[in-house]
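With the structure open in your viewer, please follow the stops below in order, making each selection before reading what is there.

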Amino acid sequence: MEKTSRAQTSLSKYNNSWYKPGSILKQLAWHVIGRIFINTYLPIPMFIKAAVLKAFGAKIGASVTIKPKVNIKYPWFLVIEDYVWIGENVWIDNLTNVTLCNNCCISQGAMILTGNHNYTKSTFDLILGPIRIENGAWIGAKATVCPGVTVHSHAVLTVNSVATKDLDAYGIYQGNPCLFVKTRNLTN
């Protein structure tokens, strides 16, 4: 044990008993069913994936594409609007609400993280923040969106970048933490 007069992390005092994401039975059922139909390399048709997610409380729009091996923590905290693409190996760690708006794209291996820990508290308390990815936004491969972030309309988070704050509409962001690089100009 370190000898210091400064406060130290004590994980033995960690307590998230206040966090109730759903009944144990519901969580267990999702853990099993989700592995069979969503978090799998089996070629499950999209209409079945949508039906399974809806059965567990997700709101799923029209023409959604969910590629293989997607990990969704709790579908009852998930809204996916129309024409959304979710790439292979995406992890939606939605301990609270995640909204994926129309025509947004979440590329391969991206992480959508609604939970973190308060590193300023010795008890390492759980912190939650909803995530909203607005119309036409694109989260690049292996990029990470952190708790409480809104990715505004048509913003781009480039490959391997990390969004710790809101991204402005039509902005292109890169780095860790990401910084504004330039404006996204769409053509017809």
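Begin by selecting Lys 142, which is exposed because its relative accessible area of 56% is over the 50% cut-off. The model is predicted, and in it Lys 142 sits in the loop between strand S13 (138-139) and strand S14 (144-145). Most residues other than glycine have a negative phi.

Now move to Asn 103, where phi is again positive, at about 60°, although Asn 103 is not a glycine. You will find Asn 103 in the loop between strand S7 (98-100) and strand S8 (105-106), and with a relative accessible area of 48% this residue is partly exposed.

Next, select Asn 176 and Pro 177 together and display the backbone that joins them. Is the peptide bond from Asn 176 to Pro 177 cis or trans? With omega near -5°, this bond is cis, and Pro 177 belongs to the loop between strand S18 (171-175) and strand S19 (178-183). Most peptide bonds are trans.

The next selections concern charged side chains. Side chains of opposite charge can pair when their charged atoms come close. In this model the count comes to 2 salt bridges.

Select Lys 73 and Asp 93, which form a salt bridge whose closest N and O atoms are 3.9 Å apart. This pair links distant parts of the chain, with Lys 73 in the loop between strand S3 (71-72) and strand S4 (78-80), and Asp 93, 20 residues apart from it, in strand S6 (residues 91-93). If you colour by accessibility, Lys 73 comes out as partly exposed at 32% relative accessible area, whereas Asp 93 counts as buried at 11%.

Then select Arg 132 and Glu 134, whose side chains meet in a salt bridge with an N to O distance of 3.4 Å. Arg 132 is partly exposed, with a relative accessible area of 36%, while Glu 134, at 19% relative accessibility, counts as buried because the value is under 20%.

Return to strand S4 and pick out Val 79, which lies in that strand and is partly exposed, with a relative accessible area of 25%. Which residues does Val 79 touch, not counting those up to four places away in sequence? They are Lys 59, Val 98, Thr 99 and Leu 100. For a distance to display, take the C-alpha atoms of Val 79 and Val 98, which are separated by 6.3 Å although the two residues are 19 residues apart along the chain.

For the helical part of the tour, select helix H1 (residues 24-37) together with helix H2 (residues 46-55). The two helices pack at an angle of about 170°, with their axes 10 Å apart, which makes H1 roughly antiparallel to H2. To see the contact itself, show the side chains of Trp 30, Ile 33 and Phe 37 in H1, which meet Ile 48, Lys 49, Val 52 and Leu 53 in H2.

Finally, stay with H1 and select Val 32, which lies in that helix and is partly exposed, with a relative accessible area of 42%.

Definitions and conventions
Residues numbered from 1 in each chain as written. Predicted model: local features only at pLDDT ≥ 70, side-chain atom pairs only at ≥ 80, totals over all residues. Heavy atoms only, no water. Helix = DSSP H or I, 4+ residues; strand = E, 2+ residues; numbered from the N terminus. Buried < 20%, exposed > 50% of the residue type's maximum accessible area, 1.4 Å probe, protein only. Axes fitted to C-alpha atoms, helices over the stretch in contact; angles between N-to-C directions. Parallel < 35°, antiparallel > 145°, perpendicular 65-115°, else oblique. Contact = heavy atoms within 4.5 Å. Salt bridge = Lys/Arg side-chain N within 4 Å of Asp/Glu carboxyl O.
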